[in-house]
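User: I've got this one open on my screen and would like to talk through a few of its features. Can you walk me through them?

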Amino acid sequence: MQGFISYILSLGGMVFVPIVLILVALLFRLSFLKSIKAGVTAGVGFLGMNLVVGVVVQYLNPAVDIMVKRFGLNLSVIDVGSGTASGVGYATAVGALVIPVIFILNIVLLLLRLTKTMNIDIYNYWHYSITGSIVYLMTGSLIFGIVGAMFHAAFCLISADFTAKRVQNIIGIDGISICQGYGASTVPLFYLLECLYNKIPFMKNKKIDSQFIQKKFGMIGDPVIIGIVLGILFSLLAGYGLRDALNLIIAVVGIMILFPRMIKIIVEGLMPISEAARKFFNTHFHGKEFYIGMDSAVTLGHPTTISVGIILIPIMILIAAVLPGNTVLPLADLPFAPFFICMATVIHKGDMLRTLISSIINMVIVLLIASYFAPYFTQMAIDGKLGLTQGDAKISALAVGNVFDWVITQFMRFGIIGIICLLAVTAGAVYYNRKKALTD
């Protein structure tokens, strides 16, 4: 069974996601050919997004490496990236069980009407594996580890339900929600900050998004111009000469333009599935509302997410250099900063100032939690025999700097008492969600 699961996961998101989407479309009674077209179209969108990510890695990584050296960062824990972290998560004892356990949990919660989201983002179950594996290392109990992973999944479903309507408005597609293990974990912080911003006079009645900037300053707010400015900023920080600077500027502009185009292709594939799901639930569940849980990648097309994400890269390097308690050297996950702050764009409705402030606060927390979990993550990599460390070297990943991970592991230290407390937190969150879920 584990071998079969490993083989399926090894196909990668470009193949794995379309297969899942085709099966989901068939489940919702979409015709065979339309199901294939929808799934493959979404897969092509993910292919395009992976190509754009390749541009990010090819052109931004060298600039990041130079900036790290210029800032003189000398930190002891290496950020190996979320891609490596997923392999570490699935190589653990908890990772071997997490997919069937979480899938069944999701079905049960749907039947009990405790969630509206069916999480089909199965590849990203690795986030739950990380949580459960850390609990396992802390407590020595595999059962507690599985329970910890289940709580992470439950928290993500609650977060997905809470933000679903606003996600749909931002993306422009009905019937979906974001339940990805990291993106969902940022929602409580961003929501609390949104409530705070609404009480600050100069922020309360203003929305500073790309449309506001274009209206106020004309072409300055255009994604191409923003990309040029950011490319010049990166070139200056990296000390590039003219040739390298021009290449970097074109690459950054390309990212600004191509990310939204690729997301539109993904949305094009999801639209027929979303419509089929709506009809299916109206027919078989008397109009009860359900959502298809997706990867946060589908939110990346928003210009605020891309702009703030790129701006955040040099800021992250600076924060890492001066933050007390941080031991992580940001590297592999740095170019993927938009993934870390995409839900801030959703919560703040595309406001650039709010998203930037929230993102900086969030990344401080990410670095501290990733530093805290470094010994556990390193041990997981050693136990999985992945050959990622040598000697006393420690590794982590920015994606491991997950608030849900930290909260769950701290409660689970207390065993049964911790589980009872987490159940109480879960019940309170479900109750609050039904009263206060975002509606616009």
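This is a predicted model: local features need pLDDT of at least 70, side-chain atom pairs count only at pLDDT 80 or more; totals for chains, interfaces and linings use all residues.

User: What is the phi of Lys 349, roughly?

Analyst: Most residues other than glycine have a negative phi. Lys 349 isn't a glycine, yet its phi is positive. The residue is partly exposed, because its relative accessible area is 31%. The phi value is about 55°.

User: Which loop holds Arg 113, and is that residue buried or exposed, or something in between?

Analyst: Arg 113 is another non-glycine residue with a positive phi, near 60°. Its loop runs between helix H5 (95-111) and strand S2 (117-119). Buried means under 20% relative accessible area and exposed over 50%. Arg 113 comes out at 37%, so it is partly exposed.

User: How are H14 and H15 oriented to each other?

Analyst: Two packed helices are described by the angle between their axes and the distance between the axes. For helix H14 (residues 337-347) and helix H15 (residues 352-383), the axes come within 9 Å and cross at roughly 140°. H14 passes H15 in a right-handed crossing. Angles over 145 degrees would count as roughly antiparallel, so H14 and H15 are oblique.

User: And what handedness does the crossing of H13 and H15 have?

Analyst: Helix H13 (residues 303-322) packs against H15 with the axes 9 Å apart and an angle of about 40°. That makes H13 oblique to H15. As for the handedness, the crossing of H13 and H15 is right-handed.

User: Where do Glu 194 and Arg 354 lie, and how far apart are they in sequence?

Analyst: Arg 354 belongs to helix H15, while Glu 194 is in helix H8 (residues 187-197). The bridge therefore ties together parts of the chain separated in sequence by 160 residues.

User: Are those two partners buried or exposed?

Analyst: The cut-off for buried is under 20% relative accessible area. Glu 194 sits at 9%, so it falls below that limit. Arg 354 has 5% relative accessibility, so it does too. Glu 194 is buried, and Arg 354 is likewise buried.

User: Which helix gives the largest share of the nonpolar surface patch?

Analyst: The patch includes Val 15, Ile 19, Phe 32, Leu 33 and Val 44, and its residues together have about 780 Å² of accessible area. Helix H2 (13-27) and helix H3 (32-70) each supply at least two of its residues. The largest share, five residues, comes from H3.

User: Is Leu 33 buried or exposed?

Analyst: Leu 33 is found in helix H3 and is one of the patch residues. Its relative accessibility is 66%, so Leu 33 counts as exposed.

User: What separates the C-alpha atoms of Pro 272 and Phe 32?

Analyst: Pro 272 lies in helix H12 (residues 242-284) and is partly exposed, given its relative accessible area of 30%. Phe 32 belongs to the nonpolar patch. Pro 272 and Phe 32 are 240 residues apart along the chain, and their C-alpha atoms are separated by 12 Å.

Methods: Residues are numbered from 1 along each chain as its sequence is written. Side-chain values use heavy atoms; hydrogens and water are left out. Patches are made of residues with over 30% relative accessible area and no salt bridge: like charges are joined within 9 Å, nonpolar side chains (Val, Leu, Ile, Met, Phe, Trp, Tyr) within 5 Å. Accessible areas come from the Shrake-Rupley method with a 1.4 Å probe; for residues, only the protein chains shown count as cover. A salt bridge is a side-chain nitrogen of Lys or Arg within 4 Å of a carboxyl oxygen of Asp or Glu. Helices (H or I, at least four residues) and strands (E, at least two) are DSSP runs, numbered from the N terminus. Buried means under 20% relative accessible area, exposed over 50%, partly exposed in between (1.4 Å probe, protein chains only). Axes are lines fitted to C-alpha atoms, for helices over the stretch in contact, and angles run from 0 to 180 degrees between N-to-C directions. Angles under 35 degrees count as roughly parallel, over 145 as roughly antiparallel, 65 to 115 as roughly perpendicular and the rest as oblique. A crossing is left-handed if the near helix is turned anticlockwise from the far one by less than a right angle, and right-handed if clockwise.
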